[in-house]
Amino acid sequence: MYKLSRSRVILILAICLIGIFFALPNMFRNTDKLPSWWKPVNLGLDLQGGSSLLLQVEVDDVIKERLGAVEDSARQILRENKIRYLNLKVTPEGVMVKIENPASREKAANLFRKIDDGIEVKDAEDNSLLINYSDVALNQLKLKIVDQSIEIVRRRIDGMGTTEPVIQSQGADRIVLQLPGLQNPEEVKQILGRTAKMSFHLVDSRSSAMDARRGMLSNTSRLVKGSEGETYVIYRKPVVGGENLVDANVSYQDGMPVVSFKFDSLGAKKFGDATKNNIGERLAIVLDNEVISAPTIQSAIMGGSGVITGNFTAKSANDLALLLRSGALPAQLQVLEERTVGAGLGADSIRDGVFASVIGFVAIVLFMLAAYGLFGLFTTITVCMNLLLMLGALSLIGATLTLPGIAGIILTIGMAVDANVLIFERMREEVKNGRSTKDAAEAGFSEAWATIVDSNLTTLVAAFVLFYFGTGPVRGFAVTLAIGIATSMFTSVTVTRLIISWWMMKFKPKKLPI
């Protein structure tokens, strides 16, 4: 039992040293200069303080836009196929259109189903057709909108330099955003409050704002306000959309900040053709349904890049570049709830958590010393090593420690000695049965192993279930619990065995001190 191979001893010691190495940054006060791969455990919102926002994704607005596009497509289909129709409009139930001729109505229904995936066409009263997405398609569309919103929010938050944000969905159409260390979320709300939908439209020089007010605009044009209060009449169809943007950065022209942008190959071709064919016309740059610039096209721009000028400050130019780089939100975000956790409250939580951990640790040490004497001291060493390995593992994977996570650590401290108790009790039984010191120690480890695996495996399954179905703090608890189980099994069996083996080889005891 106590003749462990040299390679096995080296492996056990190496794992312990690696764990201690990655746990060390948690002992330092100033960790800013440490490399990114050697950092302490990140503290969550409840421990560090910061801000928490609950955001509502306005998915219904996007669905209305989609139905508006379906209406335009349906109108084009009806005109191209010369089908007579009445009252084509978007209603709360979907897109309605009245077609008197039964044959034409059947033909139109077949054509409408090809507009988009998931489109359903049903007969309605008064010789009308109802066009809408199926329930399955609507649910998929809503999930896609929320997922896209989460990804764009993550890009924008990362671009602001916020460390370790927690961004996750809640329910069908909400997003929870937690920003540890950030006490004033106003700047974040401003960045997230803009959808950043950018597109380039030619200005309709044949029409004026007065024509728009008189209702004399054609269906191909619309009236849009400028960033400084002026009005523009632009063509509805964009020359090129913001989805073709691949990069945006702040640069300077004549000492003034501007936003330089770059298109992908398709966008570059569209932009080049538009500028080549419309020299002398004005090109409106529309951001969130507002014209931020409308320069006159002087020459063809074939390189796929350009600049946006305006009355930018360095900060506003940088914010715009960040928005364009991260992409447009598919839907508006509405702040439903805002909560700020003070750093003092976080410090209190840490202090209380550490105090509870110390109390639990001391109680366990006293019990093990009273119950098992010298072997209880060996167990105390393994529990300390278990805490260091847990801390090292959490630091290595970049986990965020929350208050429930501390609860998981406290629970693990108590569970860490379970395996040792099983082993030592087995040794006692073997000694009572008359076995020698060496054989009793060997039996303690070998015979208790199956029970140790069974007891820890069931707890590990529970941790995985909590992680899979839980969110936020529940997942934090599950992570620390799972890591604690893994490290406690290692320390309770291998490290304890190594210590006892060394003790038996050195002192060659005639009886076990338990």
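Which helix provides the largest share of the lining of the second largest pocket? Before I answer, please keep in mind that this is a predicted model, in which local features need pLDDT of at least 70 and side-chain atom pairs count only at pLDDT 80 or more, while totals for chains, interfaces and linings use all residues. Residues are numbered from 1 along each chain as its sequence is written, and side-chain values use heavy atoms, with hydrogens and water left out.

The answer is helix 10, which gives 6 residues, where helices (H or I, at least four residues) and strands (E, at least two) are DSSP runs numbered from the N terminus. This second largest pocket has a volume of about 1100 Å³, and among its 35 lining residues N26, V41, L43, L391 and L401 lie nearest the centre. By class, the lining divides into 21 nonpolar, 10 polar and 4 charged residues, with Ala, Val, Leu, Ile, Met, Phe, Trp, Tyr, Cys and Pro counted as nonpolar, Asp, Glu, Lys and Arg as charged, and the others, Gly among them, as polar.

A pocket here is an open set of points on a 1 Å grid over the protein atoms alone, where a 1.4 Å probe fits, with protein on both sides within 12 Å along at least five of seven lines, and lining residues have an atom within 4 Å of a point; the volume is the space filled by probe spheres set on the points, which are joined across faces, edges and corners.

Turning to the largest pocket, about 1400 Å³ of space lies in it, and E65, K197, S199, E243 and P330 are the closest to its centre of the 43 residues that line it. Helix 3 contributes the most to that lining, with 10 residues.
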